[in-house]
Amino acid sequence: MAHAFLGILVVLLLLQLGAFARKKGELSKTHKLSLDWPLYLYIFTVLLSIMFIFAIIYYVISLNTPILINGTSGEEVVNYTFLQTLYYSGVTLLSIGYGDFTPIGPTRFLSIFQAFLGIVIPTVIFIKEITKDRT
């Protein structure tokens with residue numbers, strides 16, 4: 001089940017990348033929009049990529065040492081699945097912070113950096129796009 005879900009996510013990511021590459025700029029020629037739809041696809045694709053990259057990093061680190069504790073019981077989480085690290089990466093990147101997982105050790109600083117990227121990167125992309133000279 002987890003492999004099927006991961007396969008579906010990879011297919012959707014590839015479709016998003018393909019749609020972004022194919023449609024970039026076409027909407028601005030036919031529609032009078034204040035912002036192009038591909039901008040949102042671009043931000044989505046960048047965030048999704050960052051989420052996967054950090055999930056892989058968390059998963060690799062978790063092979064050697066515990067990186068998370070259960071937020072409710074306080075016990076170290078062992079035998080991580082990739083989906084658990086993907087979930088934690090998404091919650092951290094989007095600054096949701098449900099509290100069901102708490103990072104321990106050096107993962108704390110990596111999580112802070114990921115949360116920082118989750119706030120700064122979309123902001124920079126968005127501001128760069130809206131201040132772009134359209135002449």
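**View 1. The end of helix α4 and the residue Ser 95.** Helix α4 is followed by Ser 95, whose phi is positive, near 55°; helices (DSSP runs of H or I, at least four residues) and strands (runs of E, at least two) are numbered from the N terminus. This is a predicted model, in which local features need pLDDT of at least 70 and side-chain atom pairs count only at pLDDT 80 or more, while totals for chains, interfaces and linings use all residues. Residues are numbered from 1 along each chain as its sequence is written, and side-chain values use heavy atoms, with hydrogens and water left out. Ser 95 is a residue other than glycine, and it lies in the loop between α4 and β2 (101–103). Ser 95 counts as partly exposed because its relative accessibility is 41%; buried means under 20% relative accessible area, exposed over 50%, and partly exposed in between (1.4 Å probe, protein chains only).

**View 2. Helix α4 and its buried residues.** Helix α4 covers residues 82–93, and its 12 residues reach 16 Å from the first C-alpha to the last, close to the 16 Å expected. The expected span is 1.5 Å times one less than the number of residues. Among the buried residues of α4 are Thr 85, Leu 86, Gly 90 and Leu 93. Ser 89 is also in helix α4 and counts as buried because its relative accessibility is 0%. Leaving aside residues up to four places away in sequence, Ser 89 touches Ile 50, Met 51, Phe 54, Ala 55, Tyr 58 and Gln 114, where contact means heavy atoms within 4.5 Å.

View 3. Rings of Phe, Tyr and Trp (its six-membered ring) pair if their centres lie within 6.5 Å; planes under 30 degrees apart count as stacked, over 60 as edge-to-face and the rest as tilted. By this rule the count is six aromatic pairs. The rings of Phe 52 and Phe 82 have centres 6.4 Å apart and planes at 25°, so this pair is stacked. Because Phe 52 lies in helix α3 (residues 37–62) and Phe 82 in helix α4, the pair ties together parts that are 30 residues apart in sequence. Phe 52 counts as buried, at 12% relative accessibility. Tyr 58 and Tyr 88 form an edge-to-face pair, with 5.3 Å from centre to centre and 65° between the planes. Tyr 58 lies in α3 and Tyr 88 in α4, so this pair also ties together parts 30 residues apart in sequence. Tyr 58 is buried, with a relative accessible area of 0%, and Tyr 88 is buried, with 6%. Phe 54, Tyr 58, Tyr 88 and Phe 113 form one aromatic cluster.

**View 4. Helix α5.** Helix α5 (residues 107–130) has 24 residues and reaches 35 Å from its first C-alpha to its last, close to the 34 Å expected. Its buried residues include Ser 111, Gln 114, Leu 117 and Ile 125.

**View 5. The loop between β1 and α4.** Thr 72 lies in the loop between β1 (68–70) and α4 and is exposed, with a relative accessible area of 74%. The C-alpha atoms of Thr 72 and Gly 99 are separated by 7.9 Å, although the two residues are 27 residues apart along the chain. Asn 79 lies in the loop between β1 and α4. Asn 79 has a positive phi of about 55° although it is not a glycine, and Asn 79 is exposed, with a relative accessible area of 72%.
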